[in-house]
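Please look over the sequence and the model below before reading on. The report that accompanies them is written for a reader who is new to protein structures.

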Amino acid sequence: MKSGNVVVLVFLIFCFLFSPAYADVIEPGQKNVPIYYVLENINDYPQYVFLLHGSPSPDLVVLNSSSFTFYKFSTARIYLSKKSDFNPAAIEKMNFTQLDSYFNNNSKVSKSDLELEAIYETFSESSPLENVTIILKIVSVNPLKIEKSRIIYQYQNGKTDQQNYNQQNTTPPPSTPVPDNLFLYYTLIPILAALIIISILVYRRYR
């Protein structure tokens, strides 16, 4: 096999291993651990409406003090509007383009910088971790600022493990490591497999 063909084949292998479609597939015996969110002090701001909007979903969710989540392959943000400026009947008639403009080009709607995800990690089905809940705190409304306050790990036996956020960009791990994390399956094993294939092809080319 010519060296040029080896390069092309290696490129195709890496594209397959790390393509979004491959990453989104959940193999048998595995599970996604979902994230739930709670705005703990939302009732301190009764004159405002807090909204959830994401891509590709949800289009619009009016938040309250209950926990919420969304489609596992989406990312979402929290938005803010004064109740006097919020017209749900008019918003319900908007198409996707109009909704996107409403949230991103409307001077009467504020957007949080905090991007939310619906999945914590992927584990094997035997993992005791059932879900996680991130407690959010509204720090200010002008401008809208929301921070992560705590994370609660919920296990199948009913036990929980709560940790405080010391840094917004670093998720505090549970006090006891969660077994059966599939980092090796999704990352290290595909890399090792690709390296082995490359070695075999190079060996055959130059032997």
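What follows describes the chain as a whole, then its aromatic pairs, and finally the confidence of the model.

**The chain as a whole**

This is a predicted model, and its protein chain is made up of 207 residues, of which 35% count as buried. The secondary structure of the protein chain comes to 5 helices and 10 strands. When contacts in the protein chain with a separation of 6 or more are considered, 64% of them are accounted for by residues 24 or more positions apart. The accessible surface of the protein chain is about 12600 Å², and carbon and sulfur atoms hold 54% of that surface.

**Aromatic pairs**

| Pair | Centre to centre | Angle between planes | Kind |
|---|---|---|---|
| Tyrosine 37 and phenylalanine 68 | 5.7 Å | 25° | stacked |
| Tyrosine 120 and tyrosine 153 | 5.7 Å | 75° | edge-to-face |

Tyrosine 37 belongs to strand E1 (residues 30-39), whereas phenylalanine 68 sits in the loop between strand E3 (61-62) and strand E4 (75-82), so this pair ties together parts that are 31 residues apart in sequence. Both tyrosine 37 and phenylalanine 68 are buried. Ring pairs also link Tyr37 and Phe68 with Phe70, and the three form a cluster.

Turning to the other pair in the table, the planes of tyrosine 120 and tyrosine 153 stand at 75°, and because planes over 60 degrees apart count as edge-to-face, the pair is given that name. This pair, too, links distant parts of the chain, with tyrosine 120 in strand E7 (residues 119-124) and tyrosine 153 in strand E9 (residues 144-155), 33 residues apart. Is each of these two residues buried or partly exposed? Tyrosine 153, with a relative accessible area of 0%, is buried.

**Confidence of the model**

The pLDDT of the protein chain averages 85, and 77% of the residues score at least 70. Another is residues 181-186, where the pLDDT is below 50 and where the model shows 18 contacts beyond near neighbours in sequence.

Terms used
Residues numbered from 1 in each chain as written. Predicted model: local features only at pLDDT ≥ 70, side-chain atom pairs only at ≥ 80, totals over all residues. Heavy atoms only, no water. Helix = DSSP H or I, 4+ residues; strand = E, 2+ residues; numbered from the N terminus. Buried < 20%, exposed > 50% of the residue type's maximum accessible area, 1.4 Å probe, protein only. Contact = heavy atoms within 4.5 Å. Areas by Shrake-Rupley, 256 points an atom, 1.4 Å probe, with all protein chains shown as cover. Phe/Tyr/Trp six-rings, centres within 6.5 Å; stacked < 30°, edge-to-face > 60°. pLDDT = per-residue confidence, 0-100.
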